[in-house]
Each structure stands twice: as structure tokens, then as C-alpha cells.
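Here is a short note for a colleague who is opening this structure now. Please read the points in order, with the model on screen.

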Amino acid sequence: MALFNPFPGLRPFEPDEDHLFFGREKEIDELLRRLRSTRFLQVIGASGSGKSSLVRSGLIPALHSGFMARAGTDWRVLMFRPGADPIGNLATSLNSPDVFGTQGELASTNKILLEATLRRSALGLVDAVRQARIPQNDNILVVVDQFEELFRFRRSQHVENSRDEAVAFFKLLLEATQQTDIPIYITLTMRADFIGDCLEFPGLPQSVNSGLYLVPRMTRDQLRSAITGPVAVAGGDITQRLVLRLLNELGDDQDQLPVLQHALMRTWDHWKSRRRNRESIDIQDYEAVGGLGNAMSLHAEEAYEEAGSDRDRVIAEKMFKALTDTFSDYRGVRRPTSIEELAAICEVSEAEVIQVIDIFRRSGRSFLTPHPAVALQSQSIIDLSHESLMRCWTRLITWAEEEAESARSYTHISQAASWCEDCTGGLWIDPQLETGLQWRLESRPTAAWAQRYDSNFTEAMDFLDRSEREREEGRKKERRRKQARQAAIYVLVSLLAIVGGLLIAIRHQMRRAEDNLRLAKHTVDQSLASGNQADFVGEPEDTPQLEEFRKELLGKAKSFYSKFAQEMPSNEDFQNEAATAHIRLGDIHRVLQNYADSAPEYRTAISQLEKLSTKHTGNPEYQRNLGYAHNELAETLRLWFESRVQAPKPDWAEAKSEYDAAMNVQRRLHQGVPANADYQQELARTYYCRGILQYDGHRLDDAESDFRQGIALLEPLTGRTASPPPADQSSNPDPAEELSRASSNLGVILREKKQLPGAQKLFERAVEIHEQLIKNDSDKRVYKVELAKFSNNLAKLFLDESRPDLAEPHNHRALDLLEDLASPPRSLEIERIGAHLVRGRIVESRNPREAQKEIDRSLEILEGHQGSKGHSEFHAMYVHIAYDYLAFAQRSLESGSTEDARLALARVVELLPELVESDRRQVTEEYQRLQKELHDNRQQNK
């Protein structure tokens with residue numbers, strides 16, 4: 001007897017190989033019983049559980065043998081996969097000569113007529129069989145293999161009306177089994193992890209419930225039979241110790257049947273090549289090919305190395321990336337593709353593609369289908385023999401990850417291009433632009449490749465080109481601005497050098513050089529004011545380029561004021577200067593977030609100014625400085641209270657007491673000179689600062705009252721010019737700035753109170769004011785940051801009103817403003833994170849997956865600032881993101897998307913270590929509740 005290899009490798013057993021198919025006898029009998037009773041059979045199992053082989057080499061031969069009662073032995077069987085044209089593929093299978101097709105010149109015409117019949121009505125399949133006039137006793141079995149491909153086709157953006165086409169295809173199958181005139185039987189094979197997608201088709205859940213057959217695990221005896229039976233039929237022999245080792249290595253992971261078949265195929269070939277004197281297949285043959293864990297990867301690598309030239313290996317890489325899909329479905333599915341399309345993607349001739357394909361599908365390999373005996377043509381469909389190749393070949397795993405990442409990059413660019421075209425988004429800036437350009441340089445995408453993901457390829461590449469041109473123009477402007485900044489920094493450093501020299505002289509000649517001391521202090525005041533500006537030459541206060549310089553400048557100023565406060569003369573003017581020096585020290589420590597050092601300086605200043613105010617009642621400057629010191633101390637205590645710094649730290653009441661003290665002083669000044677705009681504005685500022693504290697303490701009514709008082713004081717000042725401030729204080733900002741901020745803060749409170757119309761007016765007012773401020777001074781970046789924040793507040797409000805269409809343009813505007821500011825500082829990143837969270841809420845109703853991506857993007861930005869975890873704002877963002885994931889998981893469970901819920905809950909677990917104990921406890925309680933609900937749902941689905 002001639003030896004032959006009885007194991008098919010990755011491909012399933014075929015109907016004519018039933019003599020090699022062992023271990024599934026009971027399952028075949030059950031399939032026959034269920035098919036007879038339902039006529040619509042769904043064979044469902046995990047990837048690698050042997051579904052296709054069970055139907056092809058088990059069910060079909062049993063039908064031809066007459067084992068299904070009252071059905072006879074005359075069967076016309078058509079097998080196909082839905083692919084990218086379900087109805088067309090059904091027509092092609094019906095047109096096969098083995099069913100009722102024709103050959104020769106009439107074949108193409110008959111196929112067109114069959115497809116037209118199928119598309120005519122839901123009874124199209126019944127009509128097609130009736131019109132074929134087959135013998136009365138003939139039965140029709142329609143086998144739809146890999147039925148899960150229909151779900152991907154239904155969601156395709158590249159086929160017009162793909163949803164309607166998918167539903168029409170399923171109705172053809174369903175209607176064919178619900179009539180009794182013509183004996184049509186339907187059998188589907190489908191991966192178990194797609195069973196939840198059946199809800200997308202009306203009638204399919206009911207059909208699954210009545211005709212479901214879940215492929216069971218093979219028993220140890222069945223597996224033994226599946227190993228030893230084919231060996232015996234093929235004339236070989238296998239040692240008992242190798243059988244035991246295979247059974248032990250396979251263990252409970254029986255979803256690897258194709259991997260087992262492939263390893264046995266390779267073991268047989270090795271044994272046959274070295275066989276001497278009727279030796280049995282043994283462990284050394286099995287280990288030589290790599291065993292279950294490595295045999296497939298080693299075999300595939302062998303084929304890859306055989307490709308030879310670098311050009312052929314590049315073709316192989318692009319081809320396998322095209323045949324796998326982990327982008328549209330994270331679970332990983334095959335993507336059958338024609339020779340013609342593969343050649344276009346690889347940018348080579350069809351003959352070159354076929355040459356590489358033949359290496360991977362030749363006899364003894366079977367990594368690709370169709371079988372090597374089938375001649376390949378332009379329209380031939382190439383596919384992976386089984387998904388297990390995607391899980392076992394290490395090189396293909398890497399390729400699939402690279403392809404999915406490249407697809408994400410492309411679709412991100414394409415989406416941004418669409419937003420730009422619709423005027424809801426702008427051109428890209430760095431770092432997004434640089435990432436996109438680097439992707440294009442490395443990936444070298446083509447229109448044929450991009451068509452698989454999005455047809456907007458030309459517009460997407462043009463979007464990158466236009467963004468790059470805009471960046472180059474911006475860099476030219478930035479070089480000019482950089483030169484101006486360097487000149488300013490040079491001036492500041494020079495001033496500090498002068499101050500250092502003056503300070504040395506002051507130490508030795510304090511009493512004889514009071515005028516020089518005053519000059520030195522004035523110089524440092526000016527330097528400090530420049531270094532502590534919130535908007536320095538167009539840069540925000542925490543811009544990386546000036547952060548280190550500012551810290552150095554503040555440090556030197558702190559040293560000067562400390563020495564000045566110790567060595568000042570005792571006359572009235574210098575006592576006031578000493579109090580101001582302590583105020584400046586408090587300011588410096590607060591900017592550096594050293595709150596524990598800042599508060600004592602303000603208290604010292606308050607003590608000295610109270611003495612001066614009592615002794616010199618006719619000097620309002622001391623009163624004004626006293627009000628300023630109380631207000632800044634209150635601000636310091638509030639920030640300290642809200643920070644994540646461990647105890648001891650001040651309580652809420654202590655901060656409020658200082659605001660009250662500031663307000664008493666400033667109210668007396670304002671009542672004494674009502675026409676003084678500075679007094680009025682400073683009183684207004686204290687009102688809305690205290691309002692923020694009231695809000696943080698959850699006293700919404702008190703906070704609302706304070707904000708309204710502040711707004712009432714600021715409104716008359718807009719458009720007026722304030723009088724010059726004392727030399728010891730920096731100028732007050734434009735009253736319109738503070739009016740805008742107070743309006744936005746009041747809007748937040750009204751939104752929480754569900755007074756949405758009033759909140760909308762306040763947010764719109766804040767936006768309008770800041771639009772005018774930017775128009776007047778377009779270089780001031782802080783205005784853009786605040787406009788983004790106010791726009792996002794409007795977006796949140798419209799979401800509360802369930803009007804995402806109105807929310808979207810405001811959210812887009814916020815994102816564009818924030819991303820327009822290169823190298824975002826912490827404050828901008830906080831706003832970017834919030835904007836992406838709002839964006840997720842906007843798109844959730846129409847695209848839950850896109851909503852989850854927006855939450856993921858927020859977390860990605862947050863995790864990019866590891867050094868800022870100690871900041872209370874960043875901690876608050878971790879809490880917001882955790883609750884957004886919990887909300888997404890809840891909605892996913894309600895819609896039946898248990899896998900989406902599982903992934904969202906997994907992200908919550910990753911976030912728990914970043915939360916403080918109180919927040920962690922609340923989030924954990926909600927997580928445990930949802931985890932239990934997820935577990936209960938899964939138990940019910942089983």
C-alpha cells in the first residue's frame with residue numbers, strides 16, 4: 001500500500017475525505033436530526049473547533065449516503081462564503097454544474113439570470129430552484145461557510161446599500177426554509193464570538209434559537225481517534241507515547257484543531273522522509289517540526305524565506321496584510337481578496353502576485369486557498385486557509401498589528417480632511433501633522449490600499465499637503481517671534497545683573513542709599529511683572545520654552561525681596577515697601593505652588609499694612625494693598641485646599657474668612673470713591689473669586705449670588721479705561737476679560753441647577769466677549785484657551801438638552817483652538833481632555849465605537865503627562881474618564897454589546913491606581929455592580 005499524508009493541514013476536510021475524518025460520529029448524527037427537524041441549521045463554535053470540517057466531511061457525506069430519514073440520497077450541494085458580494089456568490093454557486101448550472105458560452109448568461117431571479121424578491125432562491133426544473137426527488141443543501149463575513153459586509157462603507165443587501169441575502173435563506181413545496185435546506189457555520197451580531201438581522205435570532213448547534217469539545221477518546229484513525233487509513237503507525245503527548249499538550253484548548261492537523265501533517269512528512277524499516281511516527285519527528293506551539297510559524301517562515309528576493313518578500317508582506325483584518329473587527333477576521341485587487345495593492349503585476357501565492361498554497365503547505373490544483377485568474381479569490389494562521393505565525397501577527405495601526409492613522413487623517421472640508425475642523429499642526437507625515441513616508445499608501453478603509457484618499461493626502469505648507473509658513477513667523485523673545489530675555493537678564501550689582505551696594509550703604517534701594521526694588525518689580533505675566537510675548541505661563549527661565553527669575557526675585565524685607569529702613573515709605581515685599585514673596589511662592597510658604601508671607605504683609613492703615617488713615621494706598629493681600633491670601637488658601645497636597649492644609653472656612661476681610665476693605669474704598677474704576681473692579685474680582693470657593697464647597701446659591709454681584713460691578717466698566725494703579729501693583733486686566741469669566745462661571749452653576757436657557761445666554765455672552773478680545777489682540781493665547789473652554793461649556797449644555805447637532809460645532813471649535821496652540825501646556829491639555837470627552841458624548845448615539853475612541857484619546861493625552869499627576873486638575877480628569885468608561889459600559893450592556901462593556905470595564909481597572917481613596921472607593925462600587933451585571937448577562941447567553 002502506497003503511503004499518503006492523511007492530514008489536510010490548515011484547510012478543512014473535504015466531502016471526499018470522509019474516510020479520513022474521525023472522532024465526530026455522534027455529532028454527525030445530531031446534525032442530521034436537527035437539519036431534518038428545522039431545515040435551517042446553524043453550526044456555531046469557536047475559531048478552530050472544526051465547524052467547517054464537521055459540515056463538509058461529516059454532514060454532506062452522510063446526506064449522500066441516505067442517513068437522513070425520508071430525504072433520500074439525491075442531494076445537490078452548494079457551498080460558498082458571503083464575502084463582499086453575498087447574493088452574487090450565491091448565484092455563482094447555484095450556477096455550478098453540480099447544482100443546476102451550465103457550462104460553456106451559456107454559463108455567464110445563466111449566472112446573470114440566476115442573480116436577477118435572486119434579487120427579484122425574498123422568495124428568489126425558491127424561484128431559482130423551481131425554474132431549474134430539477135427532478136422531484138432531488139434535495140438542495142445550501143452551505144454558507146464563515147457566515148460571520150455577512151456582518152462585516154453589512155457594516156462596509158465601500159459598498160452602496162450594503163446593509164439592505166445583507167438583509168436581502170438573509171431573507172432569501174430564511175424564506176427558502178419556511179416553505180414546504182421545494183426541499184431546500186440551509187446550513188450556516190459561524191464563529192461563536194459573532195453570535196451577538198445576529199441581533200442586527202430581523203428573524204435571525206429566532207432562527208438561531210430553533211436551529212442552533214453548538215459544536216462540543218471533543219472527548220479525549222475522540223481526539224485519540226482523530227489522531228490515530230487517519231494514520232492507520234494511510235498505512236502508517238504512530239507510537240502511543242506521541243499520542244499521549246499530543247493529547248496532553250492539547251489539553252482543554254481544543255479550539256486548536258487546525259493547529260493540531262497542521263502539526264500532524266508536518267510530522268508525517270518528516271517521518272516519511274527519514275523512515276527506515278517500518279519505524280513508527282515518534283516524538284523525534286514531532287519535535288523536529290516544532291510541535292504544536294511552533295510548527296505553523298516555522299513552516300510559514302520556511303515559505304517566506306523561499307520567496308527569495310526582497311521584492312517577492314515585500315509582495316508577501318503586503319498580500320498577507322491585505323488578507324487579514326483586525327481594524328474593522330478587533331477579533332480578527334479573514335479578508336478574501338481577488339488577484340486583481342492584490343496586484344493593485346502590491347503595485348506589481350498579477351503574474352508576480354500569483355508566483356508568491358503559489359509558494360504559500362502548494363501541496364503540503366495549504367496556507368492559502370484555493371487548492372493548488374485550481375488555476376488562478378484575475379478574478380480568483382485568495383484567502384487564508386484558517387484564522388489560526390493569524391494567531392500562530394509570529395511574523396503575520398506583527399504585520400496585522402502594523403496594518404491595523406496604519407489603517408487607524410489613515411482613517412484619522414481622512415476624517416480630519418472631511419471636517420476641514422465641512423468647515424467643522426481645521427488643518428493639522430504639530431505634533432499631529434508630523435505624525436501623519438511620518439506615517440505617509442513610512443507606509444507609502446496607495447489609493448488601492450486606502451479604498452479598503454475609506455474612499456477619501458485623494459482628499460486626505462491633499463489635506464496633509466496643505467497642512468504641511470501651512471506649517472512651513474508658521475515656522476517662518478515663529479523664527480521671527482523667537483528672535484523677539486530672545487531679545488526680551490536678554491533685556492531681563494541684563495536687568496537682573498544690574499539688580500545684583502545694586503543689591504551688593506545696598507548691603508554696605510543702606511542708610512546712605514535709600515534712593516538707590518528704591519530704584520533697585522522698582523527694577524525687580526518690573527522684571528518680576530514681565531516674568532510672571534500670564535501671556536509673555538504671546539506664550540502662556542506654563543509654556544515649556546519659558547518655564548525654566550521664569551523659575552530662575554522668580555527665584556532671584558525671591559532672594560532679593562527676602563533680603564530687602566530684612567534690611568529695609570524704618571521710615572513710613574520703606575515700611576510700606578517691606579509689606580509689599582512680603583506680598584511679592586507670597587506671589588512668587590504661589591506661582592511656584594509652594595502654598596505653605598506663600599500664606600505666611602501674605603499674613604506678615606497684612607499685619608504690617610493693618611498697622612500702617614491704622615496710623616495713616618488718610619493714605620488709601622495702604623488700604624488698597626491690604627485688600628489685595630487678603631484676597632491673594634484667600635486665593636492661596638483655596639488653591640492649597642483644592643490641591644492633592646497631604647495634610648495639614650487649610651479648611652474651606654479659613655479661605656472664606658480671608659475673602660470676607662478683603663471684601664470689607666475694598667467695599668469701604670469703593671463707597672468712599674465710587675468713580676474709581678480700579679476700586680470697583682478689584683471688589684468685583686473678590687466677589688467672583690469667593691464665588692469659585694462657594695462653588696467648590698457645593699454652596700451653589702451663595703456662589704450664584706457672588707457671581708451676580710461681581711457681574712453687576714463689572715458691566716458698567718466694560719469699554720472704560722481704568723485709572724493708573726499704584727506703582728506697587730500690576731495693572732488690572734481689561735474688565736471685559738473678567739466679565740466674560742464671571743459670566744461663564746455663573747453659567748456653570750445655572751447648568752447644574754438645570755436652568756439651561758439662562759446658562760446658555762451666559763455661555764454665549766462669554767464666547768461673544770472673548771471673540772472680540774481675540775479680534776483686538778490675536779496674539780494673546782490665553783484668550784484662545786478661554787474661548788475654547790467657553791465653547792466646550794456650550795457644547796456640554798446642548799448635550800444636556802439632547803441636541804448633539806448644536807453641540808458638535810462648538811466642540812469642534814474648542815478642539816481646533818486647542819490644537820492650534822503648539823506644544824500645549826498643562827492648562828491647555830486639561831481643556832483638550834475635556835473637549836474629547838464631550839466629543840465622545842456627542843457621537844455616542846450614532847457611533848458607540850467612535851465614542852469609546854474619544855474616551856481613549858482623552859486617556860492617551862492624560863497619560864502623556866506623567867509628570868503632572870500630582871496636580872488636582874489632572875486627578876479630576878482621571879475621575880471624569882473613569883466615570884465616562886463606566887457610563888459607556890452601562891450603555892453597552894443595555895444594548896447587548898457585552899464585549900464593548902468588558903473592554904470599558906478593563907480600562908476602569910487600569911485607572912483605579914490613579915485615584916485617591918475616596919474617589920477610588922466610589923468608582924470601585926460602580927465597577928463591581930457593572931461587572932456583576934456583565935457576568936449575569938454572559939451566564940444567560942450561555
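Why is H28 largely enclosed by the rest of the structure?

1. Start with the burial count. In this predicted model, 17 of the 20 residues of H28 are buried, so the helix is largely enclosed by the rest of the structure. The cut-off behind that count is a relative accessible area under 20%.

2. Now the geometry of H28. The helix covers residues 677-696. From first C-alpha to last, H28 reaches 29 Å, close to the 28 Å expected at 1.5 Å a residue. Look at both ends. Asn 676 caps the N-terminal end, with a side-chain oxygen 2.9 Å from the backbone nitrogen of Asp 678. Just after H28, His 698 takes a positive phi of about 65°.

3. H26 spans residues 620-642 and has 23 residues. Its reach is 33 Å from first C-alpha to last, close to the expected 33 Å. H26 is mostly covered, with 17 of its 23 residues buried. Asn 619 caps the N-terminal end of H26. There, a side-chain oxygen of Asn 619 lies 3.0 Å from the backbone nitrogen of Glu 621.

4. Step back to the whole chain. The protein has 38 helices and 12 strands. Of its 942 residues, 52% count as buried. Take contacts between residues at least 6 apart in sequence: 71% of these join residues at least 24 apart.

5. In soluble globular proteins, nonpolar side chains tend to be buried together. The largest nonpolar core here has 97 residues, and Ile 881 and Tyr 885 touch the most other members. Helix H36 (residues 872-895) gives the most to this core, with 11 residues.

6. Turn to the five-stranded sheet. This open sheet has the order S2-S3-S4-S1-S5, with parallel pairing. The edge strands are S2 (75-80) and S5 (212-214), and each pairs on one side only. From one strand to the next, the twist averages 20°. Six bridges join S2 to S3 (residues 139-144). Arg 76 stands opposite Ile 140 in S3.

7. Which helices pack on this sheet? One is H7 (residues 162-178), which touches S1 (40-45), S2, S3 and S4 (184-191). The direction of H7 makes about 135° with that of S4. Another is H8 (residues 204-211), which touches S1 and S5. The direction of H8 makes about 85° with that of S1.

8. The order is S8-S10-S9, and the pairing is antiparallel. S8 and S9 are the edge strands, each pairing on one side only. Two bridges join S8 to S10 (residues 381-384). S9 (residues 368-369) and S10 also pair over two bridges. The bridge partners in S10 are Ile 382 for Thr 337 and Leu 384 for Leu 368. Helix H14 (residues 310-323) lies across S8, S9 and S10, running at about 80° to S10.

9. Is Ser 338 buried or exposed? Ser 338 has a relative accessible area of 10%, so it counts as buried. Its place is in strand S8 (residues 337-338). Ser 338 stands opposite Ile 381 in S10. Not counting residues up to four places away in sequence, Ser 338 touches Ser 378, Gln 379, Ser 380 and Ile 381. Its side chain reaches the backbone nitrogen of Glu 341 at 3.1 Å.

Note on methods. Residues numbered from 1 in each chain as written. Predicted model: local features only at pLDDT ≥ 70, side-chain atom pairs only at ≥ 80, totals over all residues. Heavy atoms only, no water. Helix = DSSP H or I, 4+ residues; strand = E, 2+ residues; numbered from the N terminus. Expected span 1.5 Å × (residues − 1). Buried < 20%, exposed > 50% of the residue type's maximum accessible area, 1.4 Å probe, protein only. Polar contact = N/O pair within 3.5 Å; in protein donor to acceptor, adjacent residues only side chain to side chain. Core = buried A, V, L, I, M, F, W, Y, C linked by side-chain atoms within 4.5 Å. Pairing = 2+ DSSP bridges. Axes fitted to C-alpha atoms, helices over the stretch in contact; angles between N-to-C directions. Contact = heavy atoms within 4.5 Å.
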